[in-house]
Amino acid sequence: MKYFFLLVSLVTTTGCLGQGISGSELLAKAIEYHDPNDHWQSFKSEFTVTMESPKGDKRISRINIDRPASSFKLTTNKAGKTTEQMVIGDKCLLKVDGTAITSEQDMASHDISCERAKKMRDYYTYLYGLPMKLRDPGTLIDPNVETKTIKNKEYLTLKVTYTEDVGRDTWYFYFDPNSYAMEAYQFFHDESKNDGEYIVLTGEEIINNIKMPKNRAWYYNKNDQYLGTDILSK
């Protein structure tokens with residue numbers, strides 16, 4: 001899967017599999033596959049994400065998401081230090097090796113802040129809440145479903161944009177036409193420039209009764225450069 005290409009020259013589009021299903025119907029089927037019992041709405045669990053890069057760097061992050069309590073906690077171990085970033089509602093708490101960090105100077109030296117903690121909350125909640133997060137307010141689902149053939153496999157493709165107050169990127173989500181499992185997605189800041197990245201999903205991990213992709217391999221759209229892989233575990 002490392003040489004999984006999404007360049008226009010390697011992707012063909014047909015209408016066969018996409019006919020007869022709308023974008024909202026495809027999303028409903030994908031959610032039925034990943035979260036059949038609607039556990040995402042009351043999600044309360046934790047999991048580990050190990051991030052590996054081509055340079056051999058490794059970062060282990062423990063994520064705790066409690067949606068009913070509007071709580072998020074990210075614990076990261078790197079270079080012998082443990083950093084904790086917590087967000088509860090609109091409040092945040094930052095710690096390094098168990099000691100609360102409050103000064104701007106200490107935050108800068110450890111590359112943490114309340115703003116960054118909230119961005120991390122949004123980042124992890126979005127990626128590990130897919131495809132359920134595509135039902136959030138401000139999400140615009142294209143009614144037309146295309147079929148794209150990628151590396152000799154056809155996918156039902158869902159195009160997603162957002163209202164201006166939510167986001168400006170254009171996303172494409174690729175679903176298996178039989179199971180409706182999400183197997184890849186891609187985003188562009190400016191599609192005409194072929195910028196942004198694509199993510200190849202392999203394997204599954206069951207977290208709080210939700211089928212989440214186990215491995216996420218990241219690549220640049222423009223040149224297929226491999227950026228790294230996130231590995232999910234309980």
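Predicted model: local features only at pLDDT ≥ 70, side-chain atom pairs only at ≥ 80, totals over all residues.

Visitor: Let's start with phenylalanine 173: is it buried or exposed?
Guide: Phenylalanine 173 counts as buried because its relative accessibility is 0%. Buried means under 20% relative accessible area, exposed means over 50%, and partly exposed is in between, with a 1.4 Å probe and protein chains only.

Visitor: OK, rings next. How many aromatic pairs are there?
Guide: Searching the whole structure gives 14 aromatic pairs. In one of them, the rings of tyrosine 123 and tyrosine 124 have centres 5.0 Å apart and planes at 85°, so that pair is edge-to-face. Rings of Phe, Tyr and Trp (its six-membered ring) pair if their centres lie within 6.5 Å; planes under 30 degrees apart count as stacked, over 60 as edge-to-face and the rest as tilted.

Visitor: And are those two tyrosines buried or exposed?
Guide: Tyrosine 123 is partly exposed, at 32% relative accessible area, whereas tyrosine 124 is buried, at 3%.

Visitor: What does phenylalanine 173 pair with?
Guide: Its partner is tryptophan 171, in a stacked pair with 5.7 Å from centre to centre and 10° between the planes. Tryptophan 171 is buried because its relative accessible area is 11%.

Visitor: Which rings form a cluster?
Guide: Phe47, Phe72, Tyr123, Tyr124 and Tyr128 are linked into a cluster by ring pairs.

Visitor: What lies over the face of tyrosine 128?
Guide: That's arginine 216, 4.2 Å from the ring centre. There's also lysine 211, whose charged end sits over the ring of tyrosine 33, 4.7 Å from its centre. For a charge to sit over a ring, NZ of Lys or CZ of Arg has to be within 6 Å of the ring centre and within 35 degrees of the ring normal.

Visitor: Changing topic: how many disulfides does the structure hold?
Guide: One, and it joins cysteine 92 to cysteine 114, with 1.7 Å from S to S. The pair links distant parts of the chain, since cysteine 92 is in strand E6 and cysteine 114 is in helix H3, 22 residues apart. A disulfide here is a pair of cysteine sulfur atoms within 2.5 Å. Helices (H or I, at least four residues) and strands (E, at least two) are DSSP runs, numbered from the N terminus.

Visitor: How does strand E6 run relative to E5, parallel or antiparallel?
Guide: Antiparallel: six bridges join E5, residues 81-88, to E6, residues 91-96. Two strands pair if DSSP finds at least two bridges between them. Glutamine 85 has leucine 94 in E6 as its bridge partner. The two strands form a hairpin with two residues between them, and glycine 89 in the turn has a positive phi of about 65°.

Visitor: Last one: where does lysine 133 lie?
Guide: In the loop between helix H3 (114-127) and strand E8 (139-141). Lysine 133 counts as buried because its relative accessibility is 14%. Apart from neighbours within four places in sequence, lysine 133 is in contact (heavy atoms within 4.5 Å) with Trp40, Thr125, Tyr126 and Thr139.

Note on methods: Residues numbered from 1 in each chain as written. Heavy atoms only, no water.
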